[in-house]
Amino acid sequence: MAEPLLKVADVSVRFGGIVALDRVSFEVEHGSICGLIGPNGAGKTTLFNCVSRLYQAQEGAILFEKRDLLATPRHSIAALGIGRTFQNLALFRSMTARQNIMVGNHCRARGGFFANALRLPVVVREERRIAERTEALIDELELGPQADTRVSDLTFATQKRVELARALASEPKLLLLDEPAGGLNHEEVDHLRALITSIRDRFGLTILLVEHHMNLVMRVSDRVVALDFGRKIAEGPPALVQRDPEVIRAYLGSA
């Protein structure tokens, strides 16, 4: 059996006396979409922040292609092949959509200070590659008409696509999507569902998705992991998790 791309093993995180994650374990297979669900405060974003190394877990291991991420410097995460979007958009608002997407290529850029200063051929080739990659992503995410518009002048839904394109610019193997449907209307969420599936297939990605929009999660995920109060309460195919008594209790309460 093939090794999973991402393996979370008995991860625990505490903030003072608060247990944010309590020995959480699950795996994400190559090429799959895994949905991470749970009520507010369940620990979903904390787990995301551990994978992307914004937080440090006190116990357990997170393995990406068998490499322990918890022992990996934060600045090396993108270069390993992990890209991320954020619940609160983290774009350069005074820059255009195209410029924001180009920024996402930085972790793949080659050539140092002197190569850039002397405009060596390797730098020219790299600039051409980045420009071509950026144009391909603009086409893929249907951003052509807005490509040279400042981010601050774009609609919220379009800004979400710009951030997604920027994350894809780093050529990730694993894409972390943090509440991508937040603030979108019904039609925009439906378009997002198709887009997530398309980019998984088009770029051969593995996707870990944190989302409150249950209809999106259940329709787009191959597997779902449910958290509550920092503990894993269910895991499996979407239809199975949706019917799990612990999941129903976490969202609706018990009589």
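**Close-up views of a predicted model**

**View 1. Strands β1 and β4 pair in the antiparallel sense.** Five bridges connect β1 to strand β4, which spans residues 59-64. In this predicted model, two pairs of residues illustrate the arrangement. Val8 has Ile62 as its bridge partner in β4, and Leu6 stands opposite Phe64 of β4. Strands of a sheet pair through backbone hydrogen bonds, in either a parallel or an antiparallel manner.

**View 2. Strands β1 and β2 form a hairpin.** Strand β1 (residues 6-15) and strand β2 (residues 18-28) run antiparallel and are joined by seven bridges. Two residues lie between the strands of this hairpin, where Gly16 takes a positive phi near 65°. Which residue of β2 is the bridge partner of Val8? The partner is Phe26. Val8 also has a bridge partner in β4, namely Ile62.

**View 3. Four strands make up an open sheet.** The order of the strands is β2-β1-β4-β5, and their pairing is antiparallel. Strands β2 and β5 (67-68) are the edge strands, each of which pairs on one side only. In a regular strand, the side chains alternate between the two faces of the sheet.

**View 4. The largest nonpolar core contains 42 residues.** The members that touch the most others are Ile37, Ile101, Val162, Leu164, Leu168, Leu175 and Ile207. Helix α6 (residues 156-169) supplies the largest share of this core, with seven residues. Another core, of 31 residues, lies apart from it and includes Leu5, Val11, Leu70 and Ile77. In soluble globular proteins, nonpolar side chains tend to be buried together.

**View 5. The contacts of Val162 are shown in detail.** Which residues does Val162 contact, leaving aside its neighbours within four places in sequence? They are Leu91, Ala97, Asn100, Ile101, Leu143, Val151 and Leu154. Both Val162 and Ile101 belong to the group of core residues that touch the most other members.

**View 6. The second largest pocket holds about 230 Å³ of space**. Its lining consists of 17 residues, and Ala157, Lys160, Arg161, Leu184 and Leu192 lie nearest the centre of the pocket. Two or more lining residues come from each of the elements α6, β7 (174-178) and α7 (186-203). Helix α6 gives the largest share of the lining, five residues. By type, the lining residues of this pocket comprise eight nonpolar, two polar and seven charged.

Terms used: Residues numbered from 1 in each chain as written. Predicted model: local features only at pLDDT ≥ 70, side-chain atom pairs only at ≥ 80, totals over all residues. Heavy atoms only, no water. Core = buried A, V, L, I, M, F, W, Y, C linked by side-chain atoms within 4.5 Å. Buried < 20%, exposed > 50% of the residue type's maximum accessible area, 1.4 Å probe, protein only. Contact = heavy atoms within 4.5 Å. Pairing = 2+ DSSP bridges. 1 Å grid on protein atoms, 1.4 Å probe; cavity = no way out; pocket = protein on both sides within 12 Å on 5 of 7 lines; lining within 4 Å. Points joined across faces, edges and corners; volume = space filled by probe spheres on them. Nonpolar A, V, L, I, M, F, W, Y, C, P; charged D, E, K, R; others polar.
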